[in-house]
Amino acid sequence: MLKLANPGTVTDLVTEKDKFGVDRFLYLFLSFGASFRGFRRLRHVIVIDGTHLGGKFMGTLLTASGQDANFQVFPLAYAVFDSENNDSWTWFLEKLEKILADSSSRTIISDRCPSIKVAKAKIYPKAHHAACIVHLARNVTACYKSKGLAKMVISAAFQYRIGGFRKIYNDIRAASPDCARYLHKIGIAHWSRAHFPGDRYNLMTSNAAEQLNKALRGGRNSPILELLKFIQDMMTRWFNARRKKSLKHTGMCTPEVDKVLTANMEACKGSKINMVSSWAVQIVGRFGEKHQVLLRDRKCTCRVFDKLKIPCGHALMAADSLGLPYSSMQGDTFKPTAWVDTYEGIVFPPEEGVDYDFPADLFKVSVMPPNTHRPSGRPKETRIPSTGEVPVSQITSLSPLLLYFRTCSILTHCFPIEVAQTKEGSSKQVFPLPGCGPQQDQLQNPHLSLL
Ligand SMILES: [Zn+2]
């Protein structure tokens, strides 16, 4: 009914026969037509993650999501499995690849789960693979028992320029040669923004997926059919609210991009402008630091413009001097038109009593639950923490890491801050201010000191 109510929706159900010849549930996939059509207007970054399901038969929920032009989490696809392993991740990515083809312009962000690595290499060989920096920092904390090292790893990962990265990486090597070897073995380009060969924009973590998992918490202990209903209700609500909001918006940039531009401009106040050519401008900051903006190429030597596809303060000043509108310089996927297009589709609830033309074979299908059993006791309300993650219930005073990643919502230099879920599923990230990334010491950042 869900599929018939939502034309273009992709679903799949895989069963296996048990020793008695009975068909039992194995895999389930769901991607709403409105969802994957809308996803094509987003930055080409897919965040994938898995979370445990409660209920009688346990299992795992895998999700793929992205971020819209207003920095809100955008769900793309869901799958239910018995567990996370090579086969389940490969099947999930195979289904995903049918709706979003493999391409060198695509980036996949995930934790460093070996099964994801295997599946990604097989199904999305052309796409770039980026590590979630929060998971990486947790691993460093757990393996090397040092929050200071994790702090340096985050700082190095977020650098825009190779010079800034090298300086901090040398500090890591001096503090812990073993940790430096571990990071080198992972592959520097896998976690360093400055070295990353593709585009990951502001998306340095898998926070979008974690926010989505959190929004689904109310349905994760339910039987699968109820979980699907929960997902559809949420999607209907989110699409409707965001469609209204995007259509009502009249600005040249989305509200969140506008905040970033305002902050970027503020950070460059007092700088001087030297014209180099009709499209190249040198900006000299208050403290004498120099940056060159190439407007034609949408680049700046601070590399914020190049990496985020949102103009840094230097580029905004250059645009001002040439009379160019700011809106002409932001990437297409950040524009209000992209925001509206993203939510053009509608997620319909299945209507009871509608005369749907069900396929005849459907009535012959009988699927039994998998042969798994829930452990005794009440189902857990919260998910099982990842390596190095501190469960919220064990925090007696606010953990600096959680405080840093979950509650800060003010504009800040150098690091994206991810804020709490709203009823419309916000997963907002705040960008670094221009001129403060590569050339200033991120270790001085007050938010980083909370780590
Ligand atoms: Zn710049």
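Helix H14 (residues 313–322) lies across strands E8, E9, E10 and E11, at about 120 degrees to E9. The model is predicted. Its protein chain holds 16 helices and eleven strands.

**Sheet E8 to E11**
- The four strands form an open sheet in the order E8-E9-E10-E11, with antiparallel pairing.
- Strand E8 (272–275) and strand E11 (299–300) are the edge strands, and each pairs on one side only.
- Strand E9 (residues 280–284) and strand E10 (residues 290–294) run antiparallel and are joined by five bridges.
- Ile283 has His291 of E10 as its bridge partner.

**Helix H6**
- H6 covers residues 147–158, twelve residues in total.
- At 1.5 Å a residue, H6 should span 16 Å; the end C-alpha atoms lie 17 Å apart, which agrees.
- Ten of the twelve residues of H6 are buried, so the helix is largely enclosed by the rest of the structure.
- The buried residues are Leu149, Ala150, Lys151, Met152, Val153, Ile154, Ser155, Ala156, Ala157 and Phe158.
- Their cover includes helix H5 (133–144), helix H7 (162–175), helix H8 (177–186) and helix H9 (188–191).

**Whole chain**
- The protein chain has 451 residues, and 43% of them count as buried.
- Among contacts between residues at least 6 apart in sequence, 66% join residues at least 24 apart.

Methods: Residues numbered from 1 in each chain as written. Predicted model: local features only at pLDDT ≥ 70, side-chain atom pairs only at ≥ 80, totals over all residues. Helix = DSSP H or I, 4+ residues; strand = E, 2+ residues; numbered from the N terminus. Expected span 1.5 Å × (residues − 1). Buried ≥ 20, exposed ≤ 12 C-beta atoms within 10 Å, placed from the backbone. Contact = placed C-beta atoms within 7 Å. Pairing = 2+ DSSP bridges. Axes fitted to C-alpha atoms, helices over the stretch in contact; angles between N-to-C directions.
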